[in-house]
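User: I've got a model open and would like to go through some of its side chains with you. Can you take my questions one at a time?
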Amino acid sequence: MRKPARATVIITAGAALIACGTAGVAAAATRTAAATRTAAATRTAAVTKTVRYYAFDINNGSTDPGLVPVPGTKPGTFAQGDELLINDQITSTRLVKGGYPIVGFDSGTCVLTRIPEKYADQTIADCVVSVVVKGGSLTVQGPLHFKSQQPEAGTLAVTSGTGSFSGAVGQVSVSFTKNYEVFTFTLK
């Protein structure tokens, strides 16, 4: 009778040790996972970069293609499927000797996808634009809203980058003034 009781005690003690060991491993794993998340958040916060540029339209002369209307539609009036060609000089935001130094260019298109009201009061365009500056480029895409055929401030996704922006993702806030646009990139 002693042997079965002794075996039960040994099995129970072994199970208790295993349970304690498993709980300890689980607690250690939880602490390690929390530390990894904290370190990743710290690295992400440390590498977030904000860059601001001005963009001046270089097609605002008589050769400005600007709006490319869908065949059969009225030129000068937005229609679904029309394209807006994007072609700007990118400058620094620092005034140097009376001007803003050119640091690159952007190029792309915005396709008008939604025109729900007369005179394009709530037009939405889907835009894809590449911004090229010294050291690399960024690809931007997303919707822009228009009111009375004028673009409104918006935020688009930064989907990729090259060169010094390799692997960059984030967003760009775009605002419009009478003479230029302001691009504020928040990159990770």
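User: Is tyrosine 100 buried, partly exposed or exposed?
Analyst: Quick background: this is a predicted model, where local features need pLDDT of at least 70, side-chain atom pairs count only at pLDDT 80 or more, and totals for chains, interfaces and linings use all residues. Residues are numbered from 1 along each chain as its sequence is written, and side-chain values use heavy atoms, with hydrogens and water left out. Buried means under 20% relative accessible area, exposed over 50% and partly exposed in between (1.4 Å probe, protein chains only). Tyrosine 100 has 30% relative accessibility, so it counts as partly exposed.

User: How many aromatic pairs are there?
Analyst: Rings of Phe, Tyr and Trp (its six-membered ring) pair if their centres lie within 6.5 Å; planes under 30 degrees apart are stacked, over 60 edge-to-face and the rest tilted. Going by that rule, the count is seven.

User: What kind of pair do tyrosine 53 and phenylalanine 185 make, and how many residues apart in sequence are the parts it ties together?
Analyst: Their ring centres sit 6.1 Å apart with the planes at 75°, so this pair is edge-to-face. Strands here are DSSP runs (E, at least two residues), numbered from the N terminus. Tyrosine 53 is in strand S1 (residues 49-57) and phenylalanine 185 in strand S10 (residues 181-187), so the parts tied together are apart in sequence by 132 residues.

User: Which side chain of opposite charge is nearest to aspartate 88, and how far away is it?
Analyst: Lys and Arg count as positive, Asp and Glu as negative, with His and the chain ends not counted. A salt bridge needs a side-chain nitrogen of Lys or Arg within 4 Å of a carboxyl oxygen of Asp or Glu. Aspartate 88 is buried yet has no salt bridge, and its nearest opposite charge is on arginine 52, at 15 Å.

User: Which backbone nitrogen does the side chain of aspartate 88 reach?
Analyst: Aspartate 88 lies in strand S3. At 3.3 Å, its side chain reaches the backbone nitrogen of aspartate 57.

User: What is the relative accessible area of threonine 123?
Analyst: Threonine 123 is in strand S5 (residues 123-133). Its contacts (heavy atoms within 4.5 Å), leaving aside neighbours within four places in sequence, include Phe78, Leu112 and Phe146. Threonine 123 is buried, and its relative accessible area is 0%.

Definitions and conventions. Helices (H or I, at least four residues) and strands (E, at least two) are DSSP runs, numbered from the N terminus. A polar contact is a pair of N or O atoms within 3.5 Å; within protein, one must be able to donate a hydrogen and the other to accept it, and residues adjacent in sequence count only if both atoms are side-chain atoms.
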